[in-house]
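Subject: Handing over the structure

Dear colleague,

I am passing this structure on to you, with my notes on what was found in it below. Please look through the sequence and the model first, and then read on.

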Amino acid sequence: MNQSFLYTALSLTAYSPPGLLNYVFFVLCLLLYVLTLCANVLLIALILSDPNLLKPMYTFLLHLALNGIVGSCAVCPKVMQSLLSRDPFMSYGGCLLQVLFVNVYGSCAYAILAVMAYDRYISICKPLQYHTIITPGRVRVLLAAAYLFPVGLSAVQVYLTSQLPLCRFAVNKMFCDNLVVVKLACFSRDLDNAYGLFIICSLALFPLVCVLLSYMQILSVSWRASKASQRKALSTCAPHLIIFINFSTIILYSVLYNRRDSVSVLGNFLNSTLFALLPPLFHPLVYGLRTKEIQRSIQKLLLAATPRPGPAPPHLRVVPVDRSPHPASRRLGS
């Protein structure tokens, strides 16, 4: 592809001219964006600062929070800028870069959730072998796989998409994804379609199967355990399961919505917000409300931040008065 072609301007036709509705959307997006960043940064700081949270489960959660920050930063700043612009546009190179980060955000989140499901499976089904299986080295290998495969496969997909010649230059969405860019091309190739199917199987269906198999084993073991063990397993797996179902539902909705050609401004904004802001904001909130160790860490942080009364200034200190008789007076009175 010609390097100069990367600077071709694409018109973002999903945005209406600046007005009251745009300003409302901008304020809502800014508020959710700030809350998302603060919630994930706080969660990362808690995990790094509390020795009780330096466990594989929370290490995976830390990387899920980092991935959420990447996803929200890949979409929201450009959306907010375009909401206030009279003629919103994006360069073709910037659009491809956004496609890469959007793909990495979605696929890495799925991969990390699959790794977390495997960690929960080992913890519940093989508790005596947990520390021999989930070693620090194994954690690093799992995280490397959760990043390298999605990033590598997504980069190849973006490269193949960039080789398609453009015949249209209007993007009817608030942000770029691979399907949006492919629709701008003059034609589609069998190679791109086959690789897209391979991407779906590798980065979506495979993690989904891993999570389902893990929970099938967890349910099988919990069914034969005592009531107390069942409650413990449920409390341990509930945050992850809630997050996985929420993220899968939002991704499915976003994929189906992006295949529609005629969409409203409100629908576009809701789709962008659901995809880029709701999961990263939802994840730390769920773990913060459902995980006792994180709750205790937050309580420690609040107690440490609460000012404690210090010693009074010297001129305000009360000096105790010795009311016992002076030794000389005792001798005189004797």
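Ser214, once its neighbours within four places in sequence are left aside, is in contact with Ala117, Tyr118 and Tyr121, where contact means heavy atoms within 4.5 Å. Ser214 lies in helix α7, which covers residues 190–223; helices here are DSSP runs of H or I with at least four residues, strands are runs of E with at least two, and both are numbered from the N terminus. Ser214 counts as buried because its relative accessibility is 8%, the cut-offs being under 20% relative accessible area for buried, over 50% for exposed and in between for partly exposed, with a 1.4 Å probe and protein chains only.

Before you go further, please keep in mind that this is a predicted model, in which local features need pLDDT of at least 70 and side-chain atom pairs count only at pLDDT 80 or more, while totals for chains, interfaces and linings use all residues. Residues are numbered from 1 along each chain as its sequence is written, and side-chain values use heavy atoms, with hydrogens and water left out.

As for the chain as a whole, the secondary structure comes to twelve helices and three strands. Of its 334 residues, 42% count as buried, and among contacts with a separation of 6 or more, 81% are between residues 24 or more positions apart.

Next come the helix pairs. Helix α1 (residues 20–49) and helix α2 (residues 56–83) have axes that come within 9 Å and cross at roughly 160°; such axes are lines fitted to C-alpha atoms, for helices over the stretch in contact, and the angles run from 0 to 180 degrees between N-to-C directions. That angle makes α1 roughly antiparallel to α2, given that angles under 35 degrees count as roughly parallel, over 145 as roughly antiparallel, 65 to 115 as roughly perpendicular and the rest as oblique. The crossing of α1 and α2 is left-handed, a term used if the near helix is turned anticlockwise from the far one by less than a right angle, with clockwise giving right-handed. The contact of α1 with α2 has 23 nonpolar residues, four polar and no charged ones, where Ala, Val, Leu, Ile, Met, Phe, Trp, Tyr, Cys and Pro count as nonpolar, Asp, Glu, Lys and Arg as charged, and the others, Gly among them, as polar.

The axes of α7 and helix α8 (residues 227–258) come within 11 Å and cross at roughly 165°, and the two helices are therefore roughly antiparallel to each other. In this left-handed crossing, the residues that α7 brings to the contact include Leu208, Val211 and Tyr215, and those on the side of α8 include Gln230, Ala233 and Cys237. By class, the contact of α7 with α8 divides into nine nonpolar, three polar and no charged residues.

Helix α8 also packs against α9, at an angle of about 145° and with the axes 10 Å apart, and this crossing too is left-handed. Residues of α8 such as Tyr253, Ser254, Tyr257 and Asn258 meet residues of α9 that include Asn271 and Phe275, and the contact has six nonpolar, five polar and no charged residues. Asn271 itself is in helix α9 (residues 265–276) and is buried, with a relative accessible area of 2%. Its C-alpha atom is separated by 8.2 Å from that of Tyr253, 18 residues apart along the chain.

Finally, the structure holds eight aromatic pairs, meaning rings of Phe, Tyr and Trp (its six-membered ring) whose centres lie within 6.5 Å, with planes under 30 degrees apart counted as stacked, over 60 as edge-to-face and the rest as tilted. One of these pairs, Tyr110 and Phe247, is edge-to-face, at 5.7 Å centre to centre and with 70° between the planes. The pair links distant parts of the chain, with Tyr110 in helix α3 (residues 92–125) and Phe247 in helix α8, 137 residues apart. Tyr110 is buried at a relative accessible area of 9%, and Phe247 is buried at 1%. Ring pairs also link Tyr105, Tyr110, Phe175, Phe244, Phe247 and Phe275 into a cluster.
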